Amino acid sequence: MDIQENISLKKYNTFGIDVNAKRFVSIDSLYSLQQLLKDEQDLFLISGGSNMLLTKEIEKLVVHLNLKGISIDRENHNDIYITVNAGENWHDFVLWCVSQDYGGLENLSLIPGNVGTCPIQNIGAYGVEVKDTITRVEAIDIETGKLVEFSNSECKFGYRSSIFKNEAKGKYIITSVSFLLTKNEHKLNTSYGAIEAELASKNITSPTIKDVSDAVIAIRQSKLPDPKEIGNSGSFFKNPVISTSLFQEIQKDFPNIPSYPISREEVKVPAGWLIEQSGFKGKRFGDYGVHEKQALVLVNYGGATGKEIYELAQKIQKTIKKKFSIELEIEVNVI
């Protein structure tokens, strides 16, 4: 096991923040990980590096989780159960499923990161959340080094949340995720207006899962910057859920505010719209700023520090609070 010293983490996080790891090791097998845990338990885990903002040098041993492999557990006429190791790239896995005509994940195309981090955030897009297809999550208990299994209900999935983000945070290392997908009777979700419009523009009236995936990719590419070109972590803030009464108050001054009813008492509003109305969309501050096409995305144009981007996020939060009386919650993990 090759533990290196003073390694830059710039290529291991999609924001492209250049911070140092005092010690670094890449792990590509379950056995190596369990051996490591016999001597080291105070770890900093990096997988795809897509949901973090690094603001300082990492003192802990940085472990790059590079577990690879996809296996089919069982299948019948319509259902297929697949287990995917944590180090597999999420979008590559989705494209593989689409190429095999396995349905369920097509709406989650082009989301950055690796498979092992998808349950932590309960990633979601265009009316679908990953919890809808996950059957179990396998993880190593850091304290004991033993492999444990979480059922879907035990993961305690919520909106961009799970047990791994809350009470079990820092206690487990996710090693694989298992999914239940469809082979024939696909339940396509095309209800989002953007998907419907994209399909209509191509005169597609009876879409396949590939059509839906292609539509999502086209939409995301038109709105979101490629982390390989401009450092970013996708959506930086959660879409806030507010009371219906507060929404009605805001609506008096902003009659065109978009909304998604949650219940009679609660409404979800787009964080990107709030940020745009506050004048931040497209604003650049030296080497960092808010993306010109999507106000929900903070970007590193090349030489920004994580601290600078975090300070911008805090400024946006304060402005939204003052203007709309809404607490904007950061979705990205700030380290």
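This is a predicted model: local features need pLDDT of at least 70, side-chain atom pairs count only at pLDDT 80 or more; totals for chains, interfaces and linings use all residues.
Ground rules: residues count from 1 along each chain as its sequence is written. Local features need pLDDT of at least 70, side-chain atom pairs count only at pLDDT 80 or more, totals for chains, interfaces and linings use all residues, and side-chain values use heavy atoms, leaving out hydrogens and water.

**Exercise 1.** Find where UniProt places the "active site" and work out what R160 and E331 touch.

*Solution.* 
- Step 1: the unreviewed UniProt entry puts this feature at R160, S235 and E331; such annotations may be inferred rather than shown by experiment. They are spread over 172 residues of sequence, yet cluster in space, with a largest C-alpha distance of 11.2 Å.
- Step 2: R160 sits in the loop between strand 11 (147–151) and strand 12 (172–182), strands being DSSP E runs of at least two residues. R160 counts as buried because its relative accessibility is 12% (buried means under 20%, with a 1.4 Å probe and protein chains only).
- Step 3: beyond neighbours within four places in sequence, the contacts of R160 (heavy atoms within 4.5 Å) include K165, K238 and E331.
- Step 4: E331 lies in the loop between helix 8 (306–324) and strand 20 (333–334), helices being DSSP H or I runs of at least four residues. E331 is also buried, at 12%. With residues up to four places away left out, E331 touches R160 and S235, among others.

**Exercise 2.** Which element gives the largest share of the lining of the second largest pocket?

*Solution.* 
- Step 1: helix 2 (90–99), helix 5 (209–223) and strand 13 (231–232) each supply at least two lining residues.
- Step 2: helix 5 gives the largest share, with four residues.

How values were computed. Buried means under 20% relative accessible area, exposed over 50%, partly exposed in between (1.4 Å probe, protein chains only).
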